[in-house]
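Reader: Please take me through one part of this model in close detail. I would like the pockets, what lines them, and the contacts that go with them.

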Amino acid sequence: FVSISSLSSAEQAAATAQDLAAEGVRYAVVPCKDSQGYIYYQSSVAAAQTNISATTFDAAAVGALKEAGITPVASICAFRDPQAPYVDRTMAVRYQDTEYFWLDAAADAGGKPWLNPYSQGAANYITALIDEARAMGFEQIWLTGVQFPTIAGRDKANFGDTGGLSMGQRLAQLLEGWQAGGDCWVEYPLAEVAAGADSQVLGASCADLGVKNLAIRVEGDLNEEQQMQLDAAVADAKAGGVANVALVQGDSFTLL
């Protein structure tokens, strides 16, 4: 997982790529869109224009990584995004039957809006960023935030026309399209993976979502209970057809 500051110029990107190669790094995950909705490159996607960060990576970074023998991977956070709803309100989760944004907490407690997975506009926005990353030369996509908002207060959320699809079916539909375009890793925290079909933000198990490459994130060291959850989750995922499963801890990535 590479920081933007290490790729801010062509020269710096080349030096970083050489350093990573010398350390034996084979894959470099570069932030393209984070969970705050910021874009870290000069995107041409219309909905991204007002959300481009003051600090971006140089376009030459992708080529520099490839030249060093490193596979460049674009990290894109999907629906956890408090910025894009202000660009196009039709992409947002609404509060009940109003035009107001639904927030994931009280406004005075820092509540933020979310993109609506059922919104075709929101889906098109993420698809456009994925397509743009691939056009830049990124060989794989690292997806986070492919989920519905947290359960707190969600009974007051209005997702609009669902097309008769459950949460799990909608996410599966989106992932099918994104994965069809090339290799993707989909990252979820251990608690959601372990919950399986009972996950309140996925509505289905990762296998039922059709995830091909699953990254399970754990904060800190695994305790005994987490290890048991992880072992069971990995077994269930592979039995359900997930091709590859990896454990992510900080900047550490381990295939399981």
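Author: **The pockets and their surroundings**

Fourteen is the count to start from: 14 residues line the second largest pocket, and Tyr27, Val29, Trp142, Trp185 and Phe253 lie nearest its centre. A pocket here is an open set of points on a 1 Å grid over the protein atoms alone, with protein on both sides within 12 Å along at least five of seven lines. Lining residues have an atom within 4 Å of a point. The model is predicted, so local features need pLDDT of at least 70 and side-chain atom pairs pLDDT 80 or more, while totals for chains, interfaces and linings use all residues. Residues are numbered from 1 along each chain as its sequence is written, and side-chain values use heavy atoms, without hydrogens or water.

The second largest pocket holds about 420 Å³ of space. A volume is the space filled by probe spheres set on the grid points, which are joined across faces, edges and corners. β1, β4 and β9 (252-255) each give at least two residues to this lining. Strands are DSSP runs of E, at least two residues long; helices are runs of H or I, at least four long; both are numbered from the N terminus. By class, the lining has eight nonpolar, three polar and three charged residues. Nonpolar covers Ala, Val, Leu, Ile, Met, Phe, Trp, Tyr, Cys and Pro; charged covers Asp, Glu, Lys and Arg; the others, Gly among them, are polar.

Phe253 also belongs to a surface patch. Phe1, Phe253 and Leu255 make up this nonpolar patch, with about 270 Å² of accessible area together. Patch members have over 30% relative accessible area and no salt bridge, and nonpolar side chains (Val, Leu, Ile, Met, Phe, Trp, Tyr) are joined within 5 Å. Areas come from the Shrake-Rupley method with a 1.4 Å probe. Phe1 sits in the segment before α1 (10-22). Phe1 has 32% relative accessibility, so it counts as partly exposed. That class lies between buried (under 20%) and exposed (over 50%).

Now the largest pocket. Its volume is about 540 Å³. It has 22 lining residues, and Ser35, Thr144, Gly145, Glu187 and Arg217 are the closest to its centre. β1 (27-33), β2 (71-77), β4 (140-144) and β6 (184-189) are the elements that give two or more residues to this lining. Nine of the lining residues are nonpolar, six polar and seven charged.

Arg217 and Glu187 meet in a salt bridge, at 2.8 Å from N to O. A salt bridge needs a side-chain nitrogen of Lys or Arg within 4 Å of a carboxyl oxygen of Asp or Glu. The pair links distant parts of the chain: Arg217 is in β7 (213-217) and Glu187 in β6, 30 residues apart. Both Arg217 and Glu187 are buried.

The whole structure has five salt bridges. Another joins Glu139 to Lys66, with the closest N and O atoms 3.8 Å apart. Glu139 lies in the loop between α4 (120-136) and β4, and Lys66 in α2 (60-67), so the pair ties together parts 73 residues apart in sequence. Glu139 is partly exposed at 43%. Lys66 is partly exposed at 37%.

Glu99 and Arg94 also form a salt bridge, the closest N and O atoms being 2.6 Å apart. Glu99 is exposed, at 54% relative accessible area. Arg94 counts as buried, at 14%.

Definitions and conventions:
Patches are made of residues with over 30% relative accessible area and no salt bridge: like charges are joined within 9 Å, nonpolar side chains (Val, Leu, Ile, Met, Phe, Trp, Tyr) within 5 Å. Buried means under 20% relative accessible area, exposed over 50%, partly exposed in between (1.4 Å probe, protein chains only). On a 1 Å grid over the protein atoms alone, a cavity is a set of points where a 1.4 Å probe fits but cannot get out, and a pocket is an open set with protein on both sides within 12 Å along at least five of seven lines; lining residues have an atom within 4 Å of a point.
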